[in-house]
Amino acid sequence: MTAARIDRAKLDAIRADRAALVKVLTDARATVNGTASLKCPFHADAHASGGIHEHRGRWYFTCQACTWNGDKRTGDVFDVIRRSRGIGFRDALAELGIHAPPESPGSAAPRRANGRAPTRDTPETRQAALIASRNTAHRGATRRDDDAVRGNGRGVADDPAALAASCATRLQGDPAALDRLFTTRGIDRATAERFGVGVTVDARHWTFGVTDPAGRVVAVKAHRADPDGDGPKSYWTPRGVNSRQLFPVALGAAGPVWLCPGELKALAVAACGRAAIGITAGESADLPDGLGELVHGRPVAIVADDDDAGRRWAAKSLETLTAAGIDARIVDCGLSKAAGLKDVGDLIVERIGDGKEPAEIAAELDAAYERGDPWRPFTLGAILHDPATWTPVEHVRTGFSELDDALGGGLRVGGVTLFVGKTGRAKTQTAVQVALNAARAGVPVGVVSLEMSRRELAHLIAANVADVYRSIFTHGRAYGEPGARFQSALPELERLPLTLCDDDRWGEPLTRSRLADVVADGVKRFGWKILILDYIGLLAAEADDAGEYTADCANSAALRRIARTHNLALLAVADLRKAANFKKGDDDKAPVSLDDVRGAGRIVYDAQNVFAVDSEQADNGRGCEPTGIVKLRALKTRFSGAASRGNVVQLRWHPATGRIIDLERGEPGAESESDN
């Protein structure tokens, strides 16, 4: 192997240069006007089907009407110049001013089309039989091949083994065809020889000899080399043979077996030194019989094309192999059909164009396989190396300084917080005040109310902001001084990123599954970062819930899942049951515990924080605005020690307007109960 290598930095620079792509397209007689549509230079384009676009720092040309680049519609500057001028990859490099390393002189060993020495040959049983058959049958086979395969690529041979051998011999003697196979499919000379890949007389199709379990070549598949060329895309000799075959069967390398929907893709993987099996029927049929026996005891890496058909094939293959007791997984190699990387073969070809060696490409495949391990994300090492582990925790501040301190910075995004308390103790008003404070800080908020209507909530919020008694809204619009205050507050109210949802939004009893849909829509439409649910006990049971407790547990799990899935802070209101140990007439003095939460199932365990809400009003005398205190006793705080310290957050409450604010130090009742 030569010491010189293709300068990858220059490759990247040219691919990132829009002007270079425009120049080669212009040279190919395409008219480029910005990134707008242009007439494709590779077919008689009457409708301007082409266009250029940037993806991940590289510029590409795409034609929506033809597959000008092999079997792809998209390609970069090197693909355009190769296709437009009919030259190989090395010549394209030279045209663009990049030095390609020369062949090493004096070596009698077979060379790859790009000048690399072949990897060490380890043929499998079936492929060894194919090679042996080819070596003994190639004399005189050329004449039979010429008679069997006519100019249109069709024909029938009496001896498939001789036909396969003749085509393979022809390919090995044709440097231009070998270069084409390597630059368009990633299959080097050594791999082509190892598996008996050939080419037809007219050079329109690659050929592959398929063997039976005894190693005899029983059929030859031909696959069109140029998707835009004449003749069928593929055909079999003899006709009528079952197209659900396995080729290649490359099992000599250690590690997982890469299962590919197509023989060319599997050959490209095998050329990188990895075990691979190709399904000759592609994604159109079930897995062939005998595959399970071949891969028994080996892990399987399923690598599908980046399209819907590929994803369906991968899912079905995974199900089939798993049911057979085979350790299989779907591997994401980072394919992107839009960027011209529809399948693993495209990926390998691009990496070759980047100047990467087979071992480097194989290492990339290995890394993709490891990432696909369903257990890997749960190992300590993977967790510690996951960037998400070190993403700063996001909090939504409640607007109450003492409560934010007790929460460790505010409501934690991705988690559930509970406000629990008896009826009429300002739970809803406190939750709505949190929503209003967050919205005033610019945080999008959604309120899902199962108790109050959206208009009642709007009255509460409007009275709060305008600092007027909310009772005046029961008579319609406010007039006089309260009306003036409301009109003054109206612009701020209209700007708040606050959405209020009631029964009219879902139109039927709200179940946890319907709630999940409502939240998904709200997050998509408004970008909610905090959700207020008032209250959890009114969620309706699903039709298949076995009982109240089962429904409560399922509801609890659903809330936790909603918070995590949509990465929002969820604040839910819950009621208290009448505890069995409460003494008659002494309920207010009885301590509240997690066991006193009613209708919440296991939510007290799923929730990150639980606060018991209580309130008391002061008698301020006739004609004075009523005021009171809202107390939040920490029952559970997962990420702070507030609950263990018995912290009680106290807030000033104005019942008439619904406003709740921080209690100033020195005010009556400002002493912390935890200090008593």
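1. L380, L384 and W390 together make a nonpolar patch of about 370 Å². Do keep in mind that this is a predicted model.

2. Where does W390 sit? W390 belongs to the loop between helix 15 (380-385) and strand 13 (395-396). Its relative accessible area is 59%, so W390 counts as exposed, the cut-off being over 50%.

3. Next, have a look at helix 21, which runs over residues 512-526. Its 15 residues reach 20 Å from first C-alpha to last, close to the 21 Å expected at 1.5 Å a residue.

4. Which residues of helix 21 are buried? R512, L515, V518, V519 and G522 are. They lie on the same side of helix 21 because they cover an arc of only 110 degrees around the axis. As a reminder, an α-helix has 3.6 residues a turn, so residues three or four places apart point the same way. On the other side of helix 21, K524 and R525 are exposed.

5. What do the buried residues of helix 21 pack against? Their partners are strand 16 (445-449), helix 20 (503-506), strand 18 (530-534) and helix 22 (548-565). Just after helix 21 comes G527, with a positive phi of about 75 degrees.

6. Finally, the wider view. The protein chain has 23 helices and 24 strands, and 51% of its 676 residues count as buried. Among contacts with a separation of 6 or more, 62% are between residues 24 or more positions apart. The accessible surface comes to about 31700 Å², with 50% of it belonging to carbon and sulfur atoms.

Notes:
Residues are numbered from 1 along each chain as its sequence is written. This is a predicted model: local features need pLDDT of at least 70, side-chain atom pairs count only at pLDDT 80 or more; totals for chains, interfaces and linings use all residues. Side-chain values use heavy atoms; hydrogens and water are left out. Patches are made of residues with over 30% relative accessible area and no salt bridge: like charges are joined within 9 Å, nonpolar side chains (Val, Leu, Ile, Met, Phe, Trp, Tyr) within 5 Å. Accessible areas come from the Shrake-Rupley method with a 1.4 Å probe; for residues, only the protein chains shown count as cover. A salt bridge is a side-chain nitrogen of Lys or Arg within 4 Å of a carboxyl oxygen of Asp or Glu. Helices (H or I, at least four residues) and strands (E, at least two) are DSSP runs, numbered from the N terminus. Buried means under 20% relative accessible area, exposed over 50%, partly exposed in between (1.4 Å probe, protein chains only). The expected span of a helix is 1.5 Å times one less than its number of residues. The arc is that of the directions from the helix axis to the C-beta atoms. Contact means heavy atoms within 4.5 Å.
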